[in-house]
Amino acid sequence: MLDTIKSMDEQFVLPTYARQDLAFESGENARLKDTEGKEYIDFTSGIGVVSVGHGNPVVSKAICEQVGRITHISNLYRIAPQADCARRIVERSGYDMKCFFGNSGAEANEGAIKIARKYGEVDGQVKRYKIITLEHSFHGRTITALKATGQEAMHNYFGPFPDGFVYAKSIDEIEGLIDGHTVAVMIELVQGEGGVQPLDRAKVQALAAMLKKRDVLLMVDEVQTGIYRTGEFLASNLYGIEPDVITLAKGLGGGVPIGVVMTAKKDIFAPGDHGSTFGGNYLSTAAANAVLDVLEAYKESGKLDEAFLYFETELKKLFEEHRGLFTDAVGFGMMRGLRAKDAETLARVIANAREEGVLVLKAGRNTLRFLPPLTISREEMDEGFARLRRALAAL
């Protein structure tokens, strides 16, 4: 079966991914089974998407029931699960905001950029349009989100890019880059693709206070960090800040495409300023509401925090046992990484892990990245780390 899938993929699908010769056909929580019948422990959750695990019965039931009634009708009409999802996101966040629904993290970040650009358009004044982002950041693959990404390697081939993005080497450099045309700063509180690198909490709080005084918007990309990935509903809650704009995606839909931009500038858009045919339809928001049902109960029971602590403890044990391979342990919550000593070591670890039946990811700065389902059990963690130890022993 794998050979047939590979043949069709190579013949008909554009080669935008360096795909592994592996295809899956079923899963249950953090366990996956490939087309050849081999089982894997999934420490990736589809790059942070399958937050409540594979084949989650609550989400599956909600999707099936919704599809049996209505899947899509368009945003020309009121959509009950969308309105309810927006309410729940806003109330759980603790911020006074409104939401716009799209289909991905990149779309959410495009919406954030449009909010900033419109905010900077004031009649009779100098237009403010510049947005400062950080080096090593990643904000998506649309033309504008790609330019917002502070990795120079991402800026090949697709120019000319939209103007107005400025890159700071670190959070300390941001204030010195602000000028009369600056309208916003966009940051990830934990840089996922950039190496699972958390920003300093005190520096982020100081940045938020400074930007507020200067009327520069603080926009936080929580595509990876949001929806309990770092322990709280939002990483912004964990950092103790109140952003002007927040973007969400990945874990909110539990595998169904969804993106959200939420903002305290609740009257920034008028009808026609922004839109999405599919965004926030019955299917995606019914799935998101089911995900929220699962994770809210899991968090309130204390089991989510217990799982985070156990995963952290076991990962640190692994790190201490293999200091010859790894130089640092980074991240928090269920968004973690081990810095490999070099790129070759990282590639070998990932390949060996796959052979041993455990899926892990790579990120910038030679980082072995872990984004397991938030509902991963202790048994699944133990099995995954046992397999990873075998992979490391075989290096």
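**View 1. Buried residues of helix α8 in a predicted model.** In helix α8, the residues V204, L207, A208, M210 and L211 are buried, where buried means under 20% relative accessible area with a 1.4 Å probe and protein chains only. These buried residues pack against α7 (174-177), β7 (182-187), β10 (217-221) and α9 (235-239), with contact meaning heavy atoms within 4.5 Å. Helices (H or I, at least four residues) and strands (E, at least two) are DSSP runs, numbered from the N terminus. This is a predicted model, in which local features need pLDDT of at least 70, side-chain atom pairs count only at pLDDT 80 or more, and totals for chains, interfaces and linings use all residues. Residues are numbered from 1 along each chain as its sequence is written, and side-chain values use heavy atoms, with hydrogens and water left out.

**View 2. Helices α11 and α13.** The axes of α11 (residues 303-321) and α13 (residues 378-393) come within 11 Å and cross at roughly 15°, where axes are lines fitted to C-alpha atoms, for helices over the stretch in contact, and angles run from 0 to 180 degrees between N-to-C directions. The two helices α11 and α13 are therefore roughly parallel to each other, a term for angles under 35 degrees. Among the residues of α11 that meet α13 are Y310, F311 and L315, and those on the α13 side include M381, F385 and L388.

**View 3. Helices α4 and α10.** The axes of α4 (residues 80-93) and α10 (residues 282-300) come within 8 Å and cross at roughly 35°. Residues making this contact include C85, R88 and I89 of α4, together with A286, N289 and L292 of α10.

Note on methods
Parallel < 35°, antiparallel > 145°, perpendicular 65-115°, else oblique. Buried < 20%, exposed > 50% of the residue type's maximum accessible area, 1.4 Å probe, protein only.
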